[in-house]
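Below is a protein model to read through by question and answer. Look at the sequence and the fold before going on.

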Amino acid sequence: MKSAHDHPELAETLRRRRFLGVAAGATAAGLLGTGTAAAAQTGTTTAAAQRGRGGPLVPRGHLGIQLYTLRDQVQSIGFARVFQELARYGYDQVEFAGYTQGSAGAITLEQLKRLMRDHGLRGIGSHVGYYSDDPKAYTFATNLTQVLDDAEALGLPNVGTASGPWRYGTTVDGWKRCAEEFNTYGAAAKARGLKFYQHNHAEEFSFATDRPDVRLYDVLLAETDPELVHLEMDIYWAYVAQYRFGRKADGSPAPFEPLDYVLRAPHRYPLFHVKDGEHDETVPDGYRMVDVGDGDIDYRRFLTAVGRTHGGRRDHHWMVEHDQPADSLTTARRSGRYLRSLRCGGRG
């Protein structure tokens with residue numbers, strides 16, 4: 001196994017960022033999260049555990065939904081009625097995927113903000129495109145000022161992208177270039193009192209084509225400033241990646257644990273996408289997406305571990321999502337109810 005000395009630029013950056021907690025001579029396995037760091041960092045004192053026992057794993061004010069899940073309902077019945085249903089289901093927050101989503105009738109940002117307020121909901125974030133060849137497109141690269149203006153107008157504390165850092169290809173240097181652009185967007189957002197974030201899919205955990213022993217997600221984390229660029233872990237896609245990219249191109253093992261990434265730097269993950277999957281190795285992803293609570297991802301373990309980090313119950317927000325729900329309102333209701341049922345130290 002190669003050591004970090006074989007990749008001096010990456011090793012130096014990792015030391016500078018202090019993200020993965022590896023020294024100059026750490027092995028590449030350290031980059032892959034294969035150690036026992038999770039077990040060491042999920043520990044807590046008996047007194048702290050007792051203080052949280054019996055309370056909800058998702059604190060009040062921290063349960064949200066990505067509105068992409070409900071895009072069919074937004075298009076057919078409009079934001080007002082969707083927000084009314086979400087309030088009935090006990091949601092606190094919404095994350096946008098566009099500010100119209102083909103909604104029934106025209107709507108302004110001020111109207112959206114008022115509808116959220118009227119239904120006791122808070123806008124917590126928004127997914128915006130990363131870049132486009134069209135200079136007029138609504139993306140961070142082409143219209144950064146407008147993107148930030150709109151987030152401010154809605155009172156969003158976070159604004160980010162679900163686009164991966166693929167703009168310059170699949171090499172380490174290509175991802176370094178994207179990371180610098182993300183740093184620029186993060187600095188501009190921070191100047192407005194906002195946080196810029198990136199949402200992952202499975203492919204971010206694949207390996208660089210020019211250096212197939214380096215996981216691309218590690219490059220992104222190492223090359224972005226942790227005070228400027230935050231992450232929204234899509235937990236489902238991270239576990240799909242664990243299945244799909246648990247080996248390198250040469251077939252050698254390269255296991256990783258998604259939770260380890262969060263526990264090493266919990267302050268970088270203000271948002272999470274909570275979706276579930278039934279493990280099924282007959283499909284390419286290794287999972288079939290289902291409503292939260294119906295699958296095999298251990299959300300009790302995940303939520304408990306994150307909740308025990310410093311500020312864990314205060315600083316993290318949990319967004320239900322399903323990419324292709326059979327009945328989106330039913331998915332929202334059932335998934336929210338399941339997450340609300342999970343209790344600290346109990347069976348839920």
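This is a predicted model: local features need pLDDT of at least 70, side-chain atom pairs count only at pLDDT 80 or more; totals for chains, interfaces and linings use all residues.

Q: How many helices and strands does the secondary structure of the protein come to?
A: The chain holds both kinds of element. The count is 14 helices and 10 strands.

Q: Among contacts between residues at least 6 apart in sequence, what percentage join residues at least 24 apart?
A: A contact here means heavy atoms within 4.5 Å. Among the contacts between residues at least 6 apart in sequence, the part that joins residues at least 24 apart is 74%.

Q: Are the residues on the two faces of strand S2 buried or exposed?
A: In a regular strand, side chains alternate between the two faces of the sheet. In S2 (residues 93–96), Gln93 and Glu95 lie on one side, and Val94 and Phe96 on the other. Both faces are covered, and these four residues are all buried.

Q: Through which helix does the chain cross from S1 to S2?
A: Strand S1 (residues 63–66) pairs with S2 in the parallel sense over 3 bridges. Within this pairing, Gln66 has Glu95 of S2 as its bridge partner. The β-α-β crossover from S1 to S2 is right-handed, and its helix, residues 71–88, is H5.

Q: Which residue in S3 does Glu95 stand opposite?
A: S2 also pairs with strand S3 (residues 122–126), in the parallel sense and over 4 bridges. In S3, the residue opposite Glu95 is Gly125.

Q: Why does Arg60 count as exposed?
A: Arg60 is in the loop between helix H4 (46–52) and S1. A residue counts as exposed when its relative accessible area is over 50%. Arg60 is therefore exposed, as its relative accessible area is 64%.

Q: How many Å apart in space are Arg60 and Gly90, C-alpha to C-alpha?
A: Leaving out residues up to four places away in sequence, Arg60 touches Gly90, Asp92 and Arg340. Arg60 and Gly90 are 30 residues apart in sequence. Their C-alpha to C-alpha distance is 9.2 Å.

Key. Residues are numbered from 1 along each chain as its sequence is written. Side-chain values use heavy atoms; hydrogens and water are left out. Buried means under 20% relative accessible area, exposed over 50%, partly exposed in between (1.4 Å probe, protein chains only). Two strands pair if DSSP finds at least two bridges between them. A crossover is right-handed if, with the strands pointing away from the viewer, the path from the first strand over the helix to the second runs clockwise.
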